[in-house]
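Try each task before reading its solution.

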Amino acid sequence: MVAEIKSLNEECGVFGVWGHPDAAQLNFFGLHSLQHRGQEGAGIVTNRNGRLKGHRDLGLLSEVFKDERELIRLSGEAGIGHVRYSTAGSNSILNIQPFLFKFHDEELALAHNGNLINAVSLRQELEQDGAIFHSNSDTEILMHLIRKSKQDTLIDRIKESLNTVKGAFAYVMLTPDALIGALDPNGFRPLSIGQMENGAYVLASETCALDVVGAEFVRAVQPGELVIIDDSGYRIETYTDQTLLQICSMEFIYFARPDSNIAGVNVHTARKNMGKRLAEEAPVDADMVIGVPNSSLSAASGYAEASGIPYEMGLVKNQYVARTFIQPTQELREQGVRMKLSAVRGVVAGKKVIMVDDSIVRGTTSRRIVQLLKEAGAAEVHVRISSPPLKYPCFYGIDIQNQKELIAADYSVEEIREKIGADSLSFLSVEGTVDSIGLKFDAPHNGLCMSYFTGDYPTPLYDYETDYMKTLAKIRESKPLMV
Ligand code: SF4
């Protein structure tokens, strides 16, 4: 995945199904289409006649379930699954989800996409009260809260716990009697409900996972909602009315698959619109437009269409790079660019090229790609980025929580241009991004979280507040923030 080269990683993908005899296999298919959201570990828990059992391990889904007997062993009528990228908690098998808990009086499995921002303080409180954690993932906290709650029903205990955790979460839970989904009060991460022909219900991080199992989209889970699916169908309850929709804009820009829809907007279309707007905001005279495969191809096609400059295939991606070459270390990631991408000499030699990419994180990948194009003979390389500069950390589930890792936090556009060796460089504006995605909600940025670009976070930062304020003060003291 280019995601691994770029070092900008989504935390996870979740999936769930209720009411289908092939629940384990459907989870496998669903998770397979969500693999781009996390490649470090995967797992499935199923429910057969009210008994929960699971399998999880480090690696890609196909590696975790390479022994097909595992899926046969997990046969059941309902199940949840998870693909993981570790941002909170280390990359250890103990942190691979779904977590399966068997108590003397109940069984419950849990999987999470997102990041809690009060996890450290909650864990301290829980441990002081005698809780013993088995992982260092923030996901386990919810289970301790559910068990500790004195409410009468499981649903009420879950609701109380959801009001205690803060940050970004799309949870799927499995009990002997129900499949449950829950979304945080800002709806940072997408979570959709689908229904299969036989009536089975499906929950998935992205609608592409509904398509792959042949489920029809029913509705998106809304901020502050709980969806409870059992043999009588599905029902929606709320655990809070203090909600404000702020869907992560990076889902549209980079993370989600182009064939997914989020809040009714197709991801490819949003990206293409970003490319079109970028062509209006930052035109340049050139012979061709090329996109960095794969996530930038939609934006590049939009730029070409709006500018009237031909779209060409100036970069090709090698689909068969051994995974071992792409480890999550910066040095290997940089090497990975050469392994993964090649410039097409016959296309770019002697030409003025517009290279469209969706984002610049540290700048190292962009520098390497510009270098590849120049080595292949490109006369000029004009870099156009279909999102604004990434200047602020994300605390809601993307693995960059440190401003030092973001080149745009420290350098002006001109300085970045120089560092990556491009002939010109422009970013899409914040307004252009919001307009291109085209949400129409009555909320800041029309319902999008743009904190990565603006530094305005839609929630208090809880455990991260002090550190963040210190960093911000330091940056403001040393120099004005530059676009
Ligand atoms: S800060 Fe950025 S990456 Fe994080 S949720 Fe908001 S838009 Fe998404």
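pLDDT is the predictor's confidence in each residue, from 0 to 100, and a contact means heavy atoms within 4.5 Å. This is a predicted model, in which local features need pLDDT of at least 70 and side-chain atom pairs count only at pLDDT 80 or more, while totals for chains, interfaces and linings use all residues. Residues are numbered from 1 along each chain as its sequence is written, and side-chain values use heavy atoms, with hydrogens and water left out.

**Exercise 1.** Find where pLDDT stays under 50.

*Solution.* Next, look at residues 1–5, where pLDDT stays under 50 and the model has 21 contacts beyond four places in sequence. Then turn to residues 478–483, again under 50, with 15 such contacts.

**Exercise 2.** Describe the shell around the ligand, taking residues with a heavy atom within 4 Å of it.

*Solution.* First list the shell: Arg189, Cys248, Ser249, Met250, Cys394, Tyr396, Ile398, Cys449, Ser451 and Tyr452. Then sort these residues, counting Ala, Val, Leu, Ile, Met, Phe, Trp, Tyr, Cys and Pro as nonpolar, Asp, Glu, Lys and Arg as charged, and the others, Gly among them, as polar. That gives seven nonpolar, two polar and one charged. Helix 9 (249–255) and helix 18 (451–454) each supply at least two shell residues.

**Exercise 3.** How are the rings of Phe169 and Tyr239 arranged?

*Solution.* Rings of Phe, Tyr and Trp (its six-membered ring) pair if their centres lie within 6.5 Å; planes under 30 degrees apart are stacked, over 60 edge-to-face, and the rest tilted. For Phe169 and Tyr239 the centres are 6.5 Å apart and the planes at 35 degrees, so the pair is tilted. Phe169 belongs to strand 7 (residues 167–174) and Tyr239 to the loop between strand 13 (233–238) and strand 14 (247–248), so the pair ties together parts 70 residues apart in sequence.

Note on methods
A residue is near a molecule or strand if one of its heavy atoms lies within 4 Å of it. Helices (H or I, at least four residues) and strands (E, at least two) are DSSP runs, numbered from the N terminus.
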